[in-house]
Amino acid sequence: MQESKNRYINVYVGVGIGILVLGYSKILPETFKIWVEAFVLLLFFTAAGVYGRESGISELGMTDLIKKGAREIMIPYCWMSLLVVTGRCAGMLLFPMRFTKEDTIAMTWDMLSFYGGSVLWFLPVFFVGVTVYWTIRKKLFYPVALILTAVLAAVICGINGIPVYLYGKEMSVEVFLLQCIYTVWRGCVGMFFCAVGEGLSMLLGYLERKKLMMILLGFALTGIGTLLALKNQEKADVTLSFRYLLTGEMVFWFLAAIFLCGGLLFLCRWINECRPLEYLGRSSLIVLATCLDFKVTALAGLAGDKVFAIFDHDFLRNVVMLVVLIVVELFLIWLFHGILSFMYGKKQKNN
């Protein structure tokens with residue numbers, strides 16, 4: 001694909017990862033976190049559907065699809081998991097009261113089963129959802145794939161009981177296998193949002209010359225999706241989450257995610273170009289994998305709290321937290337794009 005043609009997709013992913021990081025931080029209020037939880041991880045599946053449609057990824061063979069996904073998603077997952085576990089082991093030696101052996105073993109177990117620790121759980125789920133969806137699309141027409149994935153996602157969310165069953169269970173072969181299955185379970189829900197993204201890409205083609213309609217539709221869908229998400233959370237007795245497939249009113253949950261993902265996509269297509277967001281979008285995997293597991297948000301929060309203790313000023317604290325987030329993530333992006341690029345499936349260039 002020509003870069004000028006897919007710049008808005010990078011903008012879209014950049015907006016998504018920016019929203020995600022802000023949701024993990026203490027900068028914005030709790031209501032914003034509810035809004036973020038309603039759709040932001042599903043946005044990446046939607047982006048994969050849009051990109052796949054426009055880049056012709058479905059024309060790749062099954063083997064090439066798997067290799068591509070393994071190189072771009074699973075290699076980073078393995079390396080980042082290794083770094084996180086190594087960090088936990090170091091923490092056990094330096095801070096034995098804070099990092100216990102049991103917690104470290106449990107985290108290692110979760111990462112080996114692809115159940116995932118912290119935010120890294122999303123990478124195997126994304127690999128399954130995107131790879132399987134485009135494999136299916138090679139065999140089925142789009143309407144059939146959309147209906148099939150929609151029914152499958154609804155059934156999975158309707159009978160989701162694996163997290164409850166696993167809660168408090170000791171490590172065993174059965175638990176390990178169920179955790180592996182649950183990765184596929186969540187990936188199947190993600191497949192539906194890949195299909196949604198492909199459909200939105202078709203709609204964008206129709207709206208290409210109707211900019212005003214695109215803008216109005218973008219704002220309208222975002223607003224309606226926000227209202228549905230907040231209403232759904234208000235009626236639920238637990239925090240709704242894609243990670244644990246807690247959907248509350250299932251229809252509200254799906255509609256809120258579809259409207260929010262679609263609304264932001266239309267607005268990003270209207271914006272089309274924004275170099276900072278494009279850069280963030282191209283580096284989204286690095287930001288996703290490091291914002292929590294490298295304690296970037298915790299460091300930003302600590303810096304903000306120090307400033308608040310001195311000046312007793314919320315706005316100044318938030319500014320400091322945002323600056324620390326940006327500076328540290330820019331350094332990590334530079335690091336992983338450079339000497340550590342092999343961790344992201346990139347071949348080192350010979351001098």
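The structure is a predicted model, in which local features need pLDDT of at least 70 and side-chain atom pairs count only at pLDDT 80 or more, while totals for chains, interfaces and linings use all residues. Residues are numbered from 1 along each chain as its sequence is written, and side-chain values use heavy atoms, with hydrogens and water left out.

Helix H2 is a place to start. Helices here are DSSP runs (H or I, at least four residues), numbered from the N terminus. H2 spans residues 30–37, and within it Phe-32, Trp-35 and Val-36 are buried, where buried means under 20% relative accessible area, exposed over 50%, and partly exposed in between, with a 1.4 Å probe and protein chains only. These three residues lie on the same side of H2, because they cover an arc of only 100° around its axis; the arc is that of the directions from the helix axis to the C-beta atoms. What do the buried residues of H2 pack against? Their partners are helix H1 (7–24), helix H3 (40–55), helix H10 (211–235) and helix H11 (250–271), with contact meaning heavy atoms within 4.5 Å.

Axes are lines fitted to C-alpha atoms, for helices over the stretch in contact, and angles run from 0 to 180 degrees between N-to-C directions. On the H1 side, Ile-19, Leu-20, Leu-22 and Gly-23 take part, and they meet Phe-32, Lys-33, Trp-35 and Val-36 of H2. The residues of this contact divide into six nonpolar, one polar and one charged. In this scheme Ala, Val, Leu, Ile, Met, Phe, Trp, Tyr, Cys and Pro count as nonpolar, Asp, Glu, Lys and Arg as charged, and the others, Gly among them, as polar.

Helix H9 (residues 173–207) comes next, with two partners. One is helix H7 (residues 142–159): the axes of H7 and H9 come within 8 Å and cross at roughly 145°. The crossing of H7 and H9 is left-handed. The H7 residues in the contact include Leu-146, Ala-150, Ala-153 and Ile-156, and those of H9 include Trp-185, Val-189, Phe-192 and Met-202. By class, the contact of H7 with H9 has 16 nonpolar, two polar and one charged.

The other partner is helix H6 (residues 122–137), whose axis comes within 7 Å of that of H9 and crosses it at roughly 55°. H6 and H9 are therefore oblique to each other, and H6 passes H9 in a right-handed crossing. Among the H6 residues that meet H9 are Pro-124, Val-128, Tyr-133 and Arg-137, and among their counterparts in H9 are Thr-183, Arg-186, Cys-194 and Glu-198. Twelve nonpolar, three polar and three charged residues make up the contact of H6 with H9.

The loop between H11 and helix H12 (275–282) holds Asn-272. Is Asn-272 buried or exposed? Its relative accessibility is 19%, so Asn-272 counts as buried. Leaving aside neighbours within four places in sequence, Asn-272 is in contact with Arg-7, Tyr-8 and Val-11. Cys-274 sits in the loop between H11 and H12 too, and at 25% relative accessibility Cys-274 counts as partly exposed. Cys-274 and Val-11 are 263 residues apart along the chain, and their C-alpha atoms are separated by 6.5 Å.

Ala-220 lies in helix H10 and is partly exposed, with a relative accessible area of 37%. Ala-220 and Phe-259 are 39 residues apart in sequence and 8.7 Å apart in space, C-alpha to C-alpha.

Two loop residues remain. Leu-245, in the loop between H10 and H11, has a phi near 55°, a positive value in a residue other than glycine. At 3% relative accessibility, Leu-245 counts as buried. Asp-312, in the loop between helix H14 (296–311) and helix H15 (314–337), has a positive phi of about 55° although it is not a glycine. Asp-312 counts as exposed, at 57% relative accessibility.

Methods. Left-handed = near helix turned anticlockwise from the far one by under 90°. Parallel < 35°, antiparallel > 145°, perpendicular 65-115°, else oblique.
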